[in-house]
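Good morning, and thank you for coming. Please look at the model on the screen while I go through a few of its features.

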Amino acid sequence: MAYSDKVIDHYENPRNVGQMDDAAKNVGTGMVGAPACGDVMRLQIEVGDDGVIKDAKFKTYGCGSAIASSSLLTEWVKGKTLEEAQQIKNTDIAEELALPPVKVHCSVLAEDAIKAAIEDFSSKQG
Amino acid sequence: MKLPIYFDYSATTPVDERVAEKMCRCLTLDGVFGNPASRSHPFGWEAEKLADEARQHVAALINADPREIVWTSGATESDNLAIKGVAHFYHKRGKHIITVKTEHKAVLDTCRQLEREGYEVTYLDVESNGLLDLDKFRDALRDDTILASVMHVNNEIGVIQDIAAIGQICRENKVIFHVDGAQSAGKVEIDMQSLPVDLMSFSAHKIYGPKGMGALYVRRKPRVRLEAQMHGGGHERGLRSGTLATHQIVGMGEAFRIAKEEMAAENARLLALRNRLWNGLKDMEEVYVNGDLEQRIAGNLNISFNFVEGESLMMALKDMAVSSGSACTSASLEPSYVLRAIGRPDELAHSSLRFTLGRYTTEEEIDFVISKLREQVKRLRDLSPLWDMYKAGIDLNSVQWAAH
């Protein structure tokens, strides 16, 4: 299968790889996927008092397209408000990375990951 | 060292130069281009002579009578001819067939077709090492079983089934025994004088011959009957009509001749290379060999790197051609059915790579792949949330995953 240049770039030079303290109140963690399905994404966001995402980190077990989708997502969400981040659609990611149909599920997983991270953050604010 | 490196010899092999040279002499006007079935002129006689010689070479590798060799277009056709041919010819005797879940699709899909025609097929499980339990095989036999089909060497994990013992059980129960030998010819000793095997499928392109060429061994004593699947001019004693492809046949013959001559030395060399590869990797954490390491052909190493997804690893190994049992290489998102059948959990099946070595593999290439693998597995594990969890002592089976 041929990969787009953008997928290869993110795969070879993934942005924002890492881990945050998931117990911290200003951190939201989204872990989606399953090892048995061949991909697991963990996306974490650090949110400032103004509701803007200050930082984002990810780690992904999965194919090159899954790694690229999550890497791209961390770039996109930084500097966005939670509401804006909530609006990111999997189709935007798939389009940006030129994912073939068989890899579209990777972008769906990335959308699920940011939604899960926002939900986790919100539940901590209670 | 030339890049990319080829580590996919079980998918196909390059044609040996000695083979290619012989093939080329059967194509053009000044070569042997005649139709082997032409009896009225020397063009036909010459071609027939070459086809006969090739038949002898193929028979010699497996210690069979040349009259027991039927030319086909490849192992897939041989499997079809053997299984459908027996089922259709002996259907009055019974309609039950036994095969194994780890067989090649050419066998499995042929059996599926027969199920649609009203036959019953038992698909046996294998043990965790990939091998068949003989008692379970015996238990599966019924009064109406007419045929058993078991592959000699598995294409994904390279394990060697005990076809002598399975064949013996078939003999005792008057069941015809077919073996898919596409991955074993030239790699494992095959002696048809002593093996209780009735039908055996072979391919040319797995052992440095041309693609589009194969053969089916059909035992004469005791005689096995088949219903032809391809009708026409009555070639190959009516079992497979179609003008003989002289150049292809000559190629297969030469490939089998070379294999007989060089097999022992080549196996020793490949085993040393495979051991070198495995020794260079086995001290890594969470690395598993899939399938029995002893009952296995020399050139195959199928391994899983836990917590690293196979396709992403293949992407990292862009300078080498390997194959992955993992989902994403094929259009389906399912992990390898062979690795599932040996009881590998899906996550390990998703993390597998198959290295198959061959005639042109060098030590230098092996050392290169070892260093690349160690570096890239580490890089991808540093990217893997599963690796973090494993390192933190979390049992991944205790986690509630959101399956998708």
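Buried area is the accessible area, taken with a 1.4 Å probe, that two parts lose on being put together, summed over both. For chain B and chain A, that area is about 2500 Å², and carbon and sulfur atoms give 64% of it. Please keep in mind that this is a predicted model.

Let us stay with the interface. On the side of chain B, 28 residues are in contact with 31 residues of chain A. Four salt bridges are counted between the two chains. One salt bridge pairs Lys318(B) with Glu12(A), and their closest N and O atoms are 2.6 Å apart.

I turn now to a pair of helices within chain B. At what angle do helix 3 and helix 4 of chain B pack? Helix 3, residues 75-89, and helix 4, residues 105-116, pack at an angle of about 30°, and their axes are 9 Å apart. Angles under 35 degrees count as roughly parallel, so helix 3 of chain B is roughly parallel to helix 4 of chain B. Their crossing is right-handed. The residues of this contact comprise six nonpolar, five polar and two charged. Among them, helix 3 contributes Ile83(B) and Ala87(B), while helix 4 contributes Val107(B) and Leu114(B).

Finally, some details of the backbone. In chain B, a cis peptide bond joins Leu3(B) and Pro4(B), with omega about -5°; Pro4(B) lies in the segment before strand 1. Another cis peptide bond joins Lys221(B) and Pro222(B), with omega about -10°. Pro222(B) is in the loop between strand 8 and helix 7 of chain B. In chain A, Asn16(A) is not a glycine, yet has a positive phi of about 55°. Asn16(A) sits in the loop between helix 1 and strand 1 of chain A.

Definitions and conventions:
Residues numbered from 1 in each chain as written. Chains lettered and ligands numbered in written order. Predicted model: local features only at pLDDT ≥ 70, side-chain atom pairs only at ≥ 80, totals over all residues. Heavy atoms only, no water. Axes fitted to C-alpha atoms, helices over the stretch in contact; angles between N-to-C directions. Helix = DSSP H or I, 4+ residues; strand = E, 2+ residues; numbered from the N terminus. Parallel < 35°, antiparallel > 145°, perpendicular 65-115°, else oblique. Left-handed = near helix turned anticlockwise from the far one by under 90°. Contact = heavy atoms within 4.5 Å. Nonpolar A, V, L, I, M, F, W, Y, C, P; charged D, E, K, R; others polar. Salt bridge = Lys/Arg side-chain N within 4 Å of Asp/Glu carboxyl O.
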